[in-house]
Amino acid sequence: MEADIKGFFDHIDHGWLLKMVEKRVDDRAFIGLISRFLESGIKLPDGTTEFPENGTPQGGVISPVLANIYLHYVLDLWFEKKVKTQGQGKALMVRYADDFVAAFRYHGDAARFYRELGPRFAKFGLELAKEKTKKLQFNRFKKDCSETFVFLGYEFRQTVSMIKGNDIVTTTMSRKKLRSTVNAFAQWCREHRNKRIAWIMGMVKSKLAGISNYFNLPGNSGRLKEVTTLFQRKLFFWLNRRSERKSYNVKTFNVMWKQFLGKSLRSLANEGIQISFLSSLV
């Protein structure tokens with residue numbers, strides 16, 4: 001089962017959160033500071049100030065910590081002490097912030113968890129995002145019926161190794177994440193195309209390095225190659241929109257790209273990515 005919480009950071013109940021913190025912190029002054037932090041006003045674009053009754057201030061330095069404490073008691077402990085102990089088979093859960101997946105050996109345990117999760121969240125003022133919450137089969141014994149799921153930008157799929165023929169789970173960058181990454185980069189190129197080339201290429205190098213570091217898992221080289229190629233195309237397009245006269249043709253762009261990103265591209269190539277040039281743009 002994969003799930004997502006609807007507007008999680010905006011619906012954390014302050015009363016419940018303070019009670020949870022008090023279980024481990026016996027310091028009234030410190031609890032008072034957290035309460036003041038939760039009740040602090042948020043300045044809106046129109047100049048007015050809003051004082052929320054629920055949620056943690058977006059961008060607040062301790063908001064992620066408080067949110068993690070909240071879900072620790074609402075979800076993590078409940079799963080460990082009740083869901084796992086009452087099930088017929090093995091169960092596990094992986095959570096990162098408000099995104100989580102739960103796996104069960106038997107369908108009956110998954111169905112019961114699916115039924116009980118909504119009321120459990122409602123007790124603490126939370127609601128599941130129905131469009132992102134579903135039950136699915138992920139079974140190495142029934143690969144034809146096994147479904148895929150996306151978690152933290154990765155697409156998980158049951159398959160068989162082409163070399164040894166054993167069962168494996170592949171982890172590739174999801175198509176949705178790839179599109180959003182490339183679209184965000186295109187928008188960035190449009191906004192910064194008139195800055196110095198050295199600054200632009202330094203930022204491009206940092207962006208590619210960050211993507212490679214996060215998605216650099218076995219079997220994901222094809223998607224990383226695709227991201228790099230699409231980055232090249234978007235940058236080529238927007239650098240030639242700096243003025244009425246084109247700044248680069250394919251040959252000069254290739255020289256400039258290698259000059260600034262040669263090391264970065266070689267490091268990606270070492271992970272199995274063969275960088276191809278923009279022949280399709282000729």
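Colleague: What volume does the largest pocket have?

Modeller: About 860 Å³. A pocket here is an open set of points on a 1 Å grid over the protein atoms alone, where a 1.4 Å probe fits, with protein on both sides within 12 Å along at least five of seven lines. Grid points are joined across faces, edges and corners, and the volume is the space filled by probe spheres set on the points. This is a predicted model: local features need pLDDT of at least 70, side-chain atom pairs count only at pLDDT 80 or more, and totals for chains, interfaces and linings use all residues. Residues are numbered from 1 along each chain as its sequence is written, and side-chain values use heavy atoms, with hydrogens and water left out.

Colleague: Which residues lie closest to the centre of the largest pocket?

Modeller: Ala103, Phe104, Arg105, Phe138 and Asn139, out of 24 lining residues. Lining residues have an atom within 4 Å of a point.

Colleague: Which element gives the largest share of that lining?

Modeller: S5, with four residues. Strand S4 (91–96), strand S5 (99–104), helix H4 (107–123) and strand S7 (154–160) each supply at least two. Elements are DSSP runs, helices being H or I of at least four residues and strands E of at least two, numbered from the N terminus.

Colleague: How does the lining divide by class?

Modeller: 15 nonpolar, four polar and five charged. Ala, Val, Leu, Ile, Met, Phe, Trp, Tyr, Cys and Pro count as nonpolar, Asp, Glu, Lys and Arg as charged, and the others, Gly among them, as polar.

Colleague: And how much space lies in the second largest pocket?

Modeller: About 580 Å³. It has 22 lining residues, with Glu2, Lys132, Val150, Phe151 and Lys176 nearest its centre. Strand S1 (2–4), S5, strand S6 (149–151) and helix H5 (175–192) each give two or more residues. H5 gives the most, five. By class, the lining has six nonpolar, five polar and 11 charged residues.

Colleague: Switching to strands. In what sense do S4 and S5 pair?

Modeller: Antiparallel, over six bridges. Strands pair if DSSP finds at least two bridges between them. Leu92 stands opposite Ala103 in S5. S1 also pairs with S5 in the antiparallel sense, over three bridges, and Glu2 stands opposite Val101.

Colleague: How many residues sit between S4 and S5 in the hairpin?

Modeller: Two. Ala97 is in that turn, with a positive phi of about 55°. Ala97 is partly exposed, at 34% relative accessibility. Buried means under 20% relative accessible area, exposed over 50%, and partly exposed in between, with a 1.4 Å probe and protein chains only.

Colleague: Which loop holds Leu152?

Modeller: The one between S6 and S7. Phi of Leu152 is near 55°, a positive value in a residue other than glycine. Leu152 is partly exposed, at 32%.

Colleague: Now the core. Which residues touch the most other members of the largest nonpolar core?

Modeller: Tyr70, Phe100, Phe113, Leu117 and Phe121, in a core of 35 residues. H3 (63–86) supplies at least two; its share is the largest, 10 residues. A nonpolar core is a set of buried Ala, Val, Leu, Ile, Met, Phe, Trp, Tyr and Cys residues joined through side-chain atoms within 4.5 Å.

Colleague: What is Leu117 in contact with?

Modeller: Leaving aside neighbours within four places in sequence, Met1, Leu75, Trp78, Phe100 and Leu128. Contact means heavy atoms within 4.5 Å. There is also a second, separate core of 33 residues, including Trp238 and Trp257.
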